[in-house]
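Subject: Model for your files

Hello,

Please find the model below, with the sequence alongside. My notes come after it.

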Amino acid sequence: MNRLAASDLGELDRASGDPLYRQIADRLLDLMQTGALASGDMLPSTPELSRHFGVAPMTIREALNVLRAAGRIVSEKGKGVYVDGPPPLRVAMRTLSFDASALPALTGALPKLPDLADVLAMLAAGDLRLTDSRALSDRGGLVSAPQWLGEGRVLEIFHKHSSQVFAVSRYVLPEASPHGDAVTESVATLCAVADSVDGLHEEVLSRMPTRSEAADLLLPREQPVLVTRHVGLSDGVEVIRSETVRDGRTPVTLVDLPI
C-alpha cells in the first residue's frame with residue numbers, strides 16, 4: 001500500500017471555469033486511471049489536501065464525495081481514505097419474455113418516468129399511485145424499504161404484462177413537488193429533476209418482500225424480490241432517488257454496455 005503525497009497532485013487552474021472541487025476530484029481520478037493510485041493506496045488527509053490546494057476543507061469533502069459516489073474510494077474510521085477497486089463493468093439486466101420497450105433496466109439508467117400525456121390514463125388504469133412511504137412499511141418487521149425511501153411521498157409506477165404486475169418502480173418526490181393528489185405535477189417535477197442527472201450510483205440486491213409488495217406482485221411472503229436502487233447525481237450531488245422491485249422468479253439476461 002502506498003500513501004500519496006499532496007505535493008504529487010500539482011496545482012489547480014483557478015482561471016478555469018470548472019469548480020475547484022471538480023478539478024480536485026478529476027485530478028485524483030486521473031491518477032487512479034493511470035495506475036499512479038492503485039486499489040488500497042491511502043489518500044492524503046483532508047487538512048493536507050486543503051493546505052496543498054489552498055481551499056476550504058468543505059471543498060475537499062465535496063471532491064471526495066464525488067469519488068465516493070462513483071465507488072472509487074472508501075473511508076475507514078480512524079484510519080483514512082483509501083482507493084477502492086475499479087468499478088465493475090456496467091451491465092444492463094433486462095427481463096426476458098416481455099416487451100423490452102416497457103421494461104425498466106435493472107442498472108445503467110433511472111426507471112423510465114411516464115410521459116405527461118399518459119399520466120391520467122395510467123392513473124385511471126391503476127398503473128400510477130402516489131403514496132406515503134410509511135404506508136410501504138412492513139408491520140411484520142421488514143423496514144428496509146421505507147428506510148431507503150425515507151419519509152415522504154413516493155410515486156409508484158406499476159409495470160404489467162397481461163394485466164399482471166411484475167415490477168414496481170418508485171421515485172421519492174422532492175420536497176418542492178406539489179402536495180395533495182397532483183399526480184401530473186408530481187411527474188413533471190420528477191422529469192425536470194431527472195433531466196439534470198449526469199451520474200448514477202446503483203446497487204442490486206435481493207430481499208423478502210414487504211406485505212404491500214407481496215400484494216402488488218401477487219407473491220408469497222417467502223418468495224424473494226429483486227431490487228435495484230438508483231441515486232441520481234448532478235455534479236456529484238444526490239438530486240433524485242428511486243428503486244425498482246420485481247418478482248425474483250422472472251428470468252434475466254445480462255447485456256454489456258459501454259463504460
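Residues are numbered from 1 along each chain as its sequence is written, and side-chain values use heavy atoms, with hydrogens and water left out.

Confidence. The chain has a mean pLDDT (the predictor's confidence in each residue, from 0 to 100) of 78, and 79% of its residues reach 70 or more. Helices (H or I, at least four residues) and strands (E, at least two) are DSSP runs, numbered from the N terminus. The pLDDT is below 50 over residues 87–101, a stretch with 41 contacts (heavy atoms within 4.5 Å) beyond near neighbours in sequence. Where pLDDT is low, the predicted coordinates should not be read in detail.

Sheet. An open sheet is formed by six strands in the order E4-E5-E6-E9-E8-E7, with antiparallel pairing; two strands pair if DSSP finds at least two bridges between them. Strand E4 (128–132) and strand E7 (199–207) are at the edges with a single partner strand each, so one side of each has no neighbour in the sheet. E7 pairs with strand E8 (residues 225–234) in the antiparallel sense over nine bridges, and Ser206 has Leu226 in E8 as its bridge partner.

Helix H2. In H2 (residues 46–53), Leu49, Ser50, His52 and Phe53 are buried, that is, under 20% relative accessible area, where exposed is over 50% and partly exposed in between (1.4 Å probe, protein chains only). The buried residues fall within an arc of 165° seen down the axis of H2, so they line one face of the helix; the arc is that of the directions from the helix axis to the C-beta atoms. They pack against helix H1 (20–34) and helix H3 (57–69). Gly54 follows H2 and has a positive phi, near 70°.

Asp216. This residue is in helix H7 (residues 211–217) and is buried, with a relative accessible area of 18%. Not counting residues up to four places away in sequence, Asp216 touches Arg129, Phe158, Val165 and Val168. Asp216 and Phe158 are 58 residues apart in sequence and 8.7 Å apart in space, C-alpha to C-alpha.

Regards

Key
This is a predicted model: local features need pLDDT of at least 70, side-chain atom pairs count only at pLDDT 80 or more; totals for chains, interfaces and linings use all residues.
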